[in-house]
Amino acid sequence: VRRDASLLVEWDTLPDFPTVPGMLSPETVMRMSSASFREQEENQALATFFDTYRRQGPLACLPMLSDPDILPVLTEAMRGI
């Protein structure tokens, strides 16, 4: 099989890129929980978010990302990373 020279590279691994934890990564959610600890008692949406995350996992929280009570807290947690 003949291959085009433009497809061949000198290395066989991808270059290293710094990565940031995702929106629903455990680190981000932990920061979010710490930052909103007092607010969780008053904000039912946040309490539901954290309960769902613990019981059902991050993918179960996807529909909640647009909630106006959750998004600002999540955004603030992402800025801290």
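Ring pairs link Phe49, Phe50 and Tyr53 into a cluster, and that trio is a friendly place to start with this predicted model.

**Overall picture**

- The protein has 81 residues, and 27% of them count as buried.
- Its accessible surface comes to about 6600 Å², and carbon and sulfur atoms account for 56% of that area.
- If you look at contacts between residues at least 6 apart in sequence, 54% of them join residues at least 24 apart.

**The aromatic cluster**

- The count of aromatic pairs comes to two.
- One of them is formed by Phe49 and Phe50, whose rings sit edge-to-face, with 5.4 Å from centre to centre and 80° between the planes.
- That arrangement counts as edge-to-face because the angle between the planes is over 60 degrees.
- Are the two phenylalanines buried or exposed? Phe49 is buried, at 0% relative accessibility, and Phe50 is buried too, at 4%.

**Helix α3**

- Helix α3 has 13 residues and spans 17 Å from its first C-alpha to its last, which is close to the 18 Å expected at 1.5 Å a residue.
- At its start, a side-chain oxygen of Asn43 reaches to within 3.0 Å of the backbone nitrogen of Ala45.
- Just after α3, Gly57 takes a positive phi of about 95°.

**Helix α4**

- Which residues of α4 are buried? In this helix, made of residues 71-79, they are Val73, Leu74 and Ala77.
- These three cover an arc of only 100° around the axis, which puts them on the same side of α4.
- The buried residues of α4 pack against α1 (26-35), α2 (39-42) and α3 (44-56).

**Polar contacts around Thr28**

- Thr28 belongs to helix α1, while Ser25 lies in the segment before that helix.
- The side chains of Ser25 and Thr28 are joined by a polar contact of 3.0 Å.
- Thr28 also has a backbone neighbour: a polar atom of its side chain lies 2.8 Å from the backbone oxygen of Gly22.
- Ser25 has a relative accessible area of 15%, and it counts as buried because the cut-off is under 20%.

Definitions and conventions: Residues are numbered from 1 along each chain as its sequence is written. This is a predicted model: local features need pLDDT of at least 70, side-chain atom pairs count only at pLDDT 80 or more; totals for chains, interfaces and linings use all residues. Side-chain values use heavy atoms; hydrogens and water are left out. Buried means under 20% relative accessible area, exposed over 50%, partly exposed in between (1.4 Å probe, protein chains only). Helices (H or I, at least four residues) and strands (E, at least two) are DSSP runs, numbered from the N terminus. The arc is that of the directions from the helix axis to the C-beta atoms. Contact means heavy atoms within 4.5 Å. Accessible areas come from the Shrake-Rupley method with a 1.4 Å probe; for residues, only the protein chains shown count as cover. A polar contact is a pair of N or O atoms within 3.5 Å; within protein, one must be able to donate a hydrogen and the other to accept it, and residues adjacent in sequence count only if both atoms are side-chain atoms. Rings of Phe, Tyr and Trp (its six-membered ring) pair if their centres lie within 6.5 Å; planes under 30 degrees apart count as stacked, over 60 as edge-to-face and the rest as tilted. The expected span of a helix is 1.5 Å times one less than its number of residues.
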